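Welcome! Let us look together at how side chains meet in this structure, one question at a time.

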Amino acid sequence: MKRTKLFRMMTSAALTAAMVMTMGGMTAFAEEATVSFTKTLDMTEAVDASVPNVTFEYEIAAGTATTKGGRPVLAGVIKDATHPSVGTAAYTYETTELTKDVAVDFSEVVFEEPGIYRYVITEKTTGNADITNDAEATRYLDVYVTRPEGATACSIANYELTKADGTGKNGGYTNTYKTYALDLTKTVTGDMGESNRPFEFTITFTGPENTSFALENDYDATENKTVDLGTSGSAEVKVNLPHAKSVHITGIPSTVAYTIVETANSDGYTVTNTVKTAATVDAADKTTVSTGEETTGEMTMGKVCNIVEFTNNRDAVTPTGIVMSFAPYILLVALAGVFAVLFLRKRRHEI
């Protein structure tokens, strides 16, 4: 009985060990069957912007047989429409790491013989107007396949990503994200204009959900904030500006629309506004250079910076009512003067 029990225990242990070894072999094979390249989202031209919601996708196809360093390069093995497969690189407003690894899975692909197998990887366009794709959408992925001594099957030993012309190693793809800036300025004119008075504005934004950008008020720093469009894709902010002051908003995608309304006043001001387009905004001092033509009305940012100029003008009003109230007395005084002159002349002649 004891021997039977011991035998059962040993058999169970052996089976467990075999399962562990099998799982270990499967894990190793999975690692060998997956390669990767990098995807980088460059945001150096998106000052103060949130990371856009975008997913980069790729296609893979068999390359053409050729030679490399005097060695033959075989066309890549394709099992079916989804094997091998290339992963995606997804970015959201919550993303903190701008460089990601994209996996290429060969686990369902069978290589019959050792050799160098060439694949062509192409990055698809994203449809995001503010993202510039990598200058080279196509890369060659050369997979080095060997049959280790004692093994019955081939496996991937190494791989190399190169430029489409087959020269120069390349780690992956880099795409650029660019945003733009909006400047709101206030000018007060006229001999009755109040240069120290702050005027209130309401700015309404609509655009991609969860997009955010930075607002800086050079008159009142307490109004500096992050404008977040949230899940509704909209936001409203209020700012105050006196004469010769500005609000600078940076990191705005080109698809964002905005409306700026100055709070109505009954103080006799004539309010006008113009919108100019600009080529660049300096990231250090937020200075805007106007290079475009003027327009008015609701605006969509477009692939330019915008400068909105509001001018409030108020001139002195001639007090016509006061002048008219004294006019009869002034006229009587003038007539009295005329009669006095005539009377004095007559007396002089009589004498």
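**Rings and charges in the predicted model**

This is a predicted model, where local features need pLDDT of at least 70, side-chain atom pairs count only at pLDDT 80 or more, and totals for chains, interfaces and linings use all residues. Residues are numbered from 1 along each chain as its sequence is written, and side-chain values use heavy atoms, with hydrogens and water left out.

Q: Is Tyr58 buried or exposed?
A: Buried means under 20% relative accessible area, exposed means over 50%, and partly exposed is in between (1.4 Å probe, protein chains only). Tyr58 has a relative accessible area of 7%, so Tyr58 is buried.

Q: How many aromatic pairs does the structure hold?
A: Rings of Phe, Tyr and Trp (its six-membered ring) pair if their centres lie within 6.5 Å. By that rule, the number of aromatic pairs in the structure is 10.

Q: Which kind of pair do the rings of Tyr58 and Tyr173 form?
A: Planes under 30 degrees apart count as stacked, over 60 as edge-to-face and the rest as tilted. The centres of these two rings are 5.4 Å apart and the planes are at 45°, so the pair of Tyr58 and Tyr173 is tilted.

Q: Where in the chain do Tyr58 and Tyr173 lie, and how many residues apart are they?
A: Strands (E, at least two residues) are DSSP runs, numbered from the N terminus. Tyr58 belongs to strand S3 (residues 58-62) and Tyr173 to strand S13 (residues 172-178). The pair links distant parts of the chain, and the separation is 115 residues.

Q: Is Tyr173 buried or exposed?
A: The relative accessibility of Tyr173 is 1%. With that value, Tyr173 counts as buried.

Q: Which strands does the pair of Phe201 and Phe310 link?
A: These two rings form an edge-to-face pair, 5.0 Å centre to centre with 75° between the planes. Phe201 is buried, and Phe310 is buried too. The two residues are 109 residues apart, with Phe201 in strand S15 (residues 199-206) and Phe310 in strand S24 (residues 305-313).

Q: The charged end of which residue sits over the ring of Tyr91?
A: A charge sits over a ring if NZ of Lys or CZ of Arg is within 6 Å of the ring centre and within 35 degrees of the ring normal. Over the ring of Tyr91, 5.2 Å from its centre, sits the charged end of Lys100.

Q: How many salt bridges are there?
A: A salt bridge is a side-chain nitrogen of Lys or Arg within 4 Å of a carboxyl oxygen of Asp or Glu. Counted this way, the salt bridges come to 14.

Q: With which residue does Lys79 form a salt bridge?
A: Lys79 lies in the loop between strand S5 (71-75) and strand S6 (85-86). At 48% relative accessibility, Lys79 counts as partly exposed. The closest N and O atoms of its salt bridge are 3.3 Å apart, and the partner is Glu108.

Key
Helix = DSSP H or I, 4+ residues; strand = E, 2+ residues; numbered from the N terminus.
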